[in-house]
Amino acid sequence: MPTSIIGKRIPKLDAPDKATGRTTYGHDVRLPGMLHGRILYTRHPHARILNIDTSKAEKLPGVRAVLTAADNPQTKFGYGKDNTAFKGDKIRCLADAVAAVAAIDPDIAAEALSLIEVEYEPLPAIFTIADALAEGAPLIHTERRSNRFHTYRYSHGDPDAGEAESDVIVEASYKLPYVSHACMETSVIVAQFDHRGHLTLWSTTQIPFLLQRDLSEALDIPGSQIRIIQTAIGGAFGRGLDIYPYEPIAALMARKTGKPVRLSFSRHEEFMAAPVRQPAEVLVRAGAKGDGRLTFRDVAADLDVGAYISWGAVTPLVMMETAASLYRVPHVRFSADCVYTNNPTTGAVRGYGNPQSTFFIETIMDQLAEALDMDQVDFRLRNANIPNSETPQGLIITSCGLKECLEAVAAAADRGAESEEWGAEITNYQLPITDYQLPITKPHLKRGIGFASTLNVGGGARIYRSDGCGATVKVDDFGHVTVVTGSTEIGQGSETILAQIVAETLGTHLHDITVINSDTDVKPWDVGVHASRTTFIAGNAAYLAAVDARGQIFETAAAMFGVSADNLIAGGGKIKVKDDENRVMSLSKAVRKRHFREDGQVVIGEGWYDPPTKLVDKDTYKGNISAAYGFGSQMAEVEVDTETGHVRVLRLACANDVGRAINPMAVEGQIEGGAQMGLGYALTEEVLVKDGRVLNPDFLDYRLFTSADMPAIETIIVETDDPGGPFGAKGVGEMGGTPTAAAIANAIYDAIGVRLTQLPMTPERVLAALDKKRGKEQTLAKFDSTLTC
């Protein structure tokens, strides 16, 4: 279908305001009479609270309120319904709040915290999964009979039979780290009650309507009395997908003081109290036939979910999707235990289990290819998912460009390898020649390439009863269009995408579109921004609303022209009669005609889209969770310094099946941003936790990939025109970073012959693996010499 706006490279609509500093973020919100809140956290990871004395803090000039567990409503909240705002009896992790202060400025609030005296009785703490599951281990939550929160068990086919028919079998164990969202903007919230007792929150949440419900339960007030206003969000990546204690704490302080209260995290606080990606220990076994067909996979994972249950405990649903449905595997077994400890609480982070599972599945795929003596890409192509198929897990795959993605990155690898012998010493590496510098060789530098692919939901993910989104499209007398959408903008460019969809459907100009999406009192319901769902779900809702509005306008225009509405087309802000260039009117004229008449009407189109999916079966974990699935492949070129262990990524080629690119520039931005996070996951990022305490709570010691570290990235957009997506589009928000670590690990093996199964792949770990390899080689060499003698 020819289009005029869809498929065009259009800058984000909010880019000028962000670039010039006019955008209002959560930290910018200031209200008259606003107080500043600070939270007092515990000093022990596991303890009983014997006494809290707040009297000195309450007497400090400028303090307006001091709150403790005595101010808690009775209801527990969070995904696991095991959390409270303040802890009054038992401490379970170092992020637990024991008190909070509201004062006229942040310095007074901080001073007041130092005056609060808390008496604790330390309890034995648990920091490993093994200790948590040991017989007689102290219970993190004494109302439960075990520290094991939940066990996932999935299978299809007959894994034992699949193993028996395998010609090759490989296995590996993996250790995966804590990771921070590392948003540039730390967590912040402003809470205010009005004279009616209604609460307004200025929030960076990703789930405004679900947060209404959660706060209603946490604060014991009707959800109809809670309004969420989303400020511009300076980074989310899954951080805002649950309710966390600081949000009801801010509301409780606002209610007690009768003043608006602002609560914002320091960077140190963000690392300590915000959720993180859960660490995991994983054992994987897999097999294949001699002809390259996969036979079975067997995955067993243990996940440390921390002291309270948030979305980190649900990531096995995505991990099992990768294990069961990435490539065609007839026999699969997957198990995962989610275990309480006294460590930080874990939540949703971009990719939501997929970076972890793609890492272990795609490195195992490389091991299988090597065991079969097959080319890594050919092996993947042999087993690749195909369009219009259903996996044994019940995923209904409509469009699928996995083969095209693999072929594209393989071609990119060929383009980059023309001048180097991969995996060999670099003997022609030269520095620029000067009067005092001669060409030198670098035999300690080794280069290699690696590949990895990914499968991700691209059409929503039904984890709630509704996965829907609503939208309205209003066209005014001047032809200006207002799109009110339930979806949330978190920096991904959804406002621009929805504006393009509506402008294309109505046949108007992009500059005539305004998107409103920030106020629960104004916008229709949406489940939230997650699971790469906004383009597909909110895009379909906006499209349906635009079609409704267009139908109303065409009805009036058809009467004015004296033709059938089927004979009309719209474009460039005008309505035309097909095959008659002289019969044209402006869109605004038709709208005014509809408005200014007897029994006149305004033009407001409505759209609601809830995809034809279902919740997975709670016993088998099977079912079609998404209306579409995205696929992608990456190729990484690396250079490894065998003297220091440093890994330098020279180039990434990223091919992604996006259905159709509504805005190729935005797609490239998502892929490149995801790759940046994937590079960090692969090589540098790890929240170091010892005895429940974060040891590197800042950006000096938590090492992010910066612009100076980034390799050249080649983005390759594969279009497969999904039948269910708006104009054929699918979601792409998470895929950019999911295969990166695996591709880099496979490239490192290609370069130096060692397999790394612990992330991040730091220089220390690379050197340790090299030393282990050299030790084995020396032992073999000594054994061979003994045989010769």
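1. Let's start with a side chain. A polar atom of the Q634 side chain sits 2.7 Å from the backbone oxygen of G736, and the side chains of Q634 and T740 are joined by a polar contact of 2.9 Å. Polar contact here means a pair of N or O atoms within 3.5 Å; within protein, one must be able to donate a hydrogen and the other to accept it, and residues adjacent in sequence count only if both atoms are side-chain atoms.

2. Before you load this up, some ground rules. This is a predicted model, where local features need pLDDT of at least 70 and side-chain atom pairs count only at pLDDT 80 or more, while totals for chains, interfaces and linings use all residues. Numbering runs from 1 along each chain as its sequence is written, and side-chain values use heavy atoms, with hydrogens and water left out.

3. On confidence: pLDDT is the predictor's confidence in each residue, from 0 to 100. The protein chain averages 94, and 95% of the residues score at least 70. Residues 418–440 are the stretch to watch, with pLDDT below 50, although the model gives this stretch 40 contacts beyond near neighbours in sequence; contact means heavy atoms within 4.5 Å. Where pLDDT is low, predicted coordinates should not be read in detail.

4. Back to Q634. Its relative accessible area is 1%, so it counts as buried (under 20% relative accessible area; exposed is over 50%, partly exposed in between, with a 1.4 Å probe and protein chains only). Leaving out residues up to four places away in sequence, Q634 touches, among others, V409, F451, L652, M735, P739 and A743.

5. Q634 belongs to strand β27, residues 629–641. Helices (H or I, at least four residues) and strands (E, at least two) are DSSP runs, numbered from the N terminus. In β27, 13 of 13 residues are buried, and both faces are covered: the side with Q634 also includes G632 and A636, while the other includes F631, S633 and M635.

6. What does β27 pair with? Strand β19 (residues 442–457) runs antiparallel to β27, with 13 bridges joining them, and G450 stands opposite A636. β27 also pairs in the antiparallel sense with β28 (residues 647–659) over 10 bridges, where C654 is the bridge partner of Q634. Pairing requires that DSSP finds at least two bridges between two strands. The β27–β28 hairpin has five residues between its strands, and G645 in the turn has a positive phi of about 85 degrees.

7. Now the packing. The largest nonpolar core has 129 residues, with V282, L368, I744, I748 and M761 touching the most other members. Helix α17 (residues 740–752) gives the most to this core, nine residues. Domain 2 (31–123 + 194–236 + 240–260) and domain 3 (399–456 + 626–773) both give residues to the core, so it lies between them. A second, separate core has 40 residues, including A538 and L587. A nonpolar core is a set of buried Ala, Val, Leu, Ile, Met, Phe, Trp, Tyr and Cys residues joined through side-chain atoms within 4.5 Å.

8. Last, the domains. Besides domains 2 and 3, the chain has domain 1 (15–22 + 468–609); the bounds come from an automatic or database domain assignment. Taken over C-alpha atoms, the centres of domain 2 and domain 3 are 41 Å apart.
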